[in-house]
Amino acid sequence: MSRHNRAIRLVDRDAHQPTRCITFVGAGPAAAGVVERIAANQAEIDDRPLIIHLVDPYPPGAGRIWRDQQSGLLKLNSMAGDVTMFTDDSSTIDGAIEPGPDLAAWAELVRTRRITDVDIDVDRDPELAAELDGLRPESFPTRRLHERYMTWCLERSADRLQPGSKVMWHRAAVVSVSDTETGAQVVELDSGDELTTDLVIYTFGHLGSHVSGEAKFFTDFAQAKQARYYAPAFTADLDYGDIAPGDEVLVRGLGLAAIDLVVMLTLGRGGEFVRDRGELQYVPSGREPKLLLSSRRGVPYRSKVAAPLRGSHYEPRFFTPEIAQQLADSVAELQFYRDLWPHIERELHHGYYLELFTGSPRRVSLPWSEFLEGLEALDLHGEDYRALVERAVPDAADRLDVDALDRPLAGERFESADELQARVREHMRNDLLRRTDHRYSENTGLFVALFRIYLAVAELATARNWQPESYLNDFQRRWYKFFSYIASGPPGERIEQLIALSEAGVIEFAGADVHVRADGETGQFVATSPSLSGERRSDTLIDAWLPDPSIRTTDSAVLRDLIDSGAGREQVVGSTPSGYVDVRLSDGRLIRAGGGVHPRRYAVGPGTSTPQGGAFARPHTNALSFRIWDRVARAILGELVEIRGAGDHSTVHTGASDTELEQIFDGAAYFQPDTESTR
């Protein structure tokens, strides 16, 4: 008997236990998180069997970003010990807490054969097997290994669903969703198949976008002038084969996508890093292009912190979720930099200096209690506070300047490109030292404070009194970019590699506030920066960042259908559309075009108006993502109870014969409790 026919039989219902069906549009981390919360809440709310369809062309659990089928050179920017998909005793949720291993603990359990259902073949995939063998909590895992963890987490959740429940993956994309007269939802796949289901949950994650605006102009220019332009996209999905060895390439962006690009065009082309008397050096293969890197700041994202905390326990003092809400409620129109930022900046100083004073007391000249009095009372930008800091912290390099932290090249001008390169390398070396060396744990204190601030600010995403421009530009863009720049940068080894690549002349930094224009006469892209006189020209421009998730430019047929059909709507702040899908925070239900919520559809994750908690969580941080997933899962189960109570017992696949079911399930993989499962 084929696995396929066995799956059809498993779908058959027990007439005495009417089974309900839900369908996820997208099967990445958000879907895995909601499934885990459904499994944790099912016994309390509705313990009857459940059929779950996961529809996604990419592997379930990991999704597009962390799929196995990509280069083993690409890594997470989180340490293995900081990655989990499981709740813990810090989680303030209504559902049951179901602990599980973080990525590092999972790897240890697999190595010691206490987890036996993970297949990593030493002969077939020696690199992945070697990585698993050497993974430690402080390691930065590859995305390929992370995929195995995410898949295992999803399979574990499937195993914990109530008896008789099934989880099925359809390797396809959803084209549209429509309502039937009974309220059931018809999900159309790009294969031509249809699923009829009780509820639909949109968890499509990071989507691509149609080229528009400046990117459309550069695309058209490149086509007309035989130049090359790469619009924002997922680095792992692009083919840079047209870029020849030695080509000078302009790159806009110095975040994680740009780091991936550098890796693929250096290590990915046969180059290697070696150590000579402790110093990392790059040995070119001769196949690399010359990369001219640019961004608004002119420097890469800050290195991931790795120094352990040594000082007193930190608790937020000047900016907590309660204070954030009070600030929002105290004004008629909420503005980020006017109403929130002064308190955020003071909390950053609190986290940084608490760790400096109590973790490195020999580097300060005042007791923490005396400094704290000044921090509480004085204007952070006034002379009195500046004098206090100078008196308390003798070494200027130990003092926190948030503006300089954000824009280290601001106002600096260099006489030559070589001088600029030396300055950026000096900046990277200092950044690497102070964020990874145990002697400088104050930068870890800053990170912890910023992370707690991020969680507090995220809760204000759905405040109704935002000033539209401040919400869209200050909060949704500048604030999140600032957070990513400080707290979500690359592993320290990547910064060290950038230094070596710069010294080898393979990459070059173009300065701050770089402007790129298209020269119609020469057919080239031209970059200029106030950091340096002159200009740089190239036939190739790469915009190295992820596509904008805006509804207006999305390439997702199902998202377009959602808005065009009126089943969902775009969030509007004041009178300004935000580009995000509008959902109700309390339960993730979609808000219809005409107002009110859709009774059978939910949405969670990037591109929605709900606070963004990330694709996975740091252990013991009361992760926002778990709180969101738990609320949505409980709402889904509660709705299924209501549907059952109304006596609606429509079949999962309306009018489908066994032959039609075989057609529908063709090509799908199945996660089945207590049976063999496939990827």
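A crossing of two helices is called left-handed if the near helix is turned anticlockwise from the far one by less than a right angle. In the predicted model described here, helix H2 passes helix H5 in a crossing of this left-handed kind. Helix H2 covers residues 29–45 and helix H5 covers residues 143–159; the two pack at an angle of about 30°, and their axes lie 9 Å apart. Because angles under 35 degrees count as roughly parallel, H2 is described as roughly parallel to H5. On the side of H2, the contact is formed by Pro 29, Ala 32, Val 35, Glu 36 and Ala 39, and on the side of H5 by Met 150, Leu 154 and Ser 157. By residue class, this contact of H2 with H5 comprises six nonpolar residues, one polar residue and one charged residue.

A further helix pair is formed by helix H9, residues 336–359, and helix H10, residues 368–377, whose axes come within 11 Å and cross at roughly 170°. H9 contributes Arg 346, His 349, His 350, Tyr 353, Leu 354, Phe 357 and Thr 358 to the contact, while H10 contributes Trp 368, Phe 371, Leu 375 and Glu 376. The residues of the contact of H9 with H10 are six nonpolar, three polar and two charged.

Turning to the sheets, five strands make up an open sheet with parallel pairing, in the order E8-E17-E9-E12-E13. Its edges are taken by strand E8 (228–230) and strand E13 (507–509), each of which pairs on one side only. Neighbouring strands of this sheet are turned against each other by 20° on average, direction ignored. Within the sheet, strand E9 (residues 248–252) is joined to strand E17 (residues 540–543) by four bridges in the parallel sense. Val 249 has Thr 540 of E17 as its bridge partner. Helix H6, residues 213–225, packs on this sheet and touches E8, E9 and E17; the direction of H6 makes about 155° with that of E8.

Another open sheet consists of three strands in the order E4-E5-E6, with antiparallel pairing. Strand E4 (174–179) and strand E6 (194–197) each have a single partner strand and stand at the edges, so one side of each is left without a neighbour in the sheet. The twist from one strand to the next averages 20°. Strand E5 (residues 185–189) runs antiparallel to E6 and is joined to E6 by four bridges. Glu 188 is paired through a bridge with Glu 194 in E6.

Strand E18 (residues 570–573) and strand E19 (residues 576–581) also run antiparallel, joined by three bridges. The bridge partner of Val 572 is Pro 577 in E19. E18 and E19 form a hairpin with two residues between them, and Gly 574 in the turn has a positive phi of about 65°.

As to confidence, the mean pLDDT of the protein is 90, and 92% of its residues reach 70 or more. Among the exceptions are residues 1–17, over which pLDDT stays under 50; the model has 30 contacts beyond four places in sequence for this stretch. Residues 648–679 likewise stay under 50, and for these the model has 87 contacts beyond four places in sequence.

Definitions and conventions. Residues are numbered from 1 along each chain as its sequence is written. This is a predicted model: local features need pLDDT of at least 70, side-chain atom pairs count only at pLDDT 80 or more; totals for chains, interfaces and linings use all residues. Side-chain values use heavy atoms; hydrogens and water are left out. Two strands pair if DSSP finds at least two bridges between them. Axes are lines fitted to C-alpha atoms, for helices over the stretch in contact, and angles run from 0 to 180 degrees between N-to-C directions. Contact means heavy atoms within 4.5 Å. Angles under 35 degrees count as roughly parallel, over 145 as roughly antiparallel, 65 to 115 as roughly perpendicular and the rest as oblique. Ala, Val, Leu, Ile, Met, Phe, Trp, Tyr, Cys and Pro count as nonpolar, Asp, Glu, Lys and Arg as charged, and the others, Gly among them, as polar. pLDDT is the predictor's confidence in each residue, from 0 to 100.
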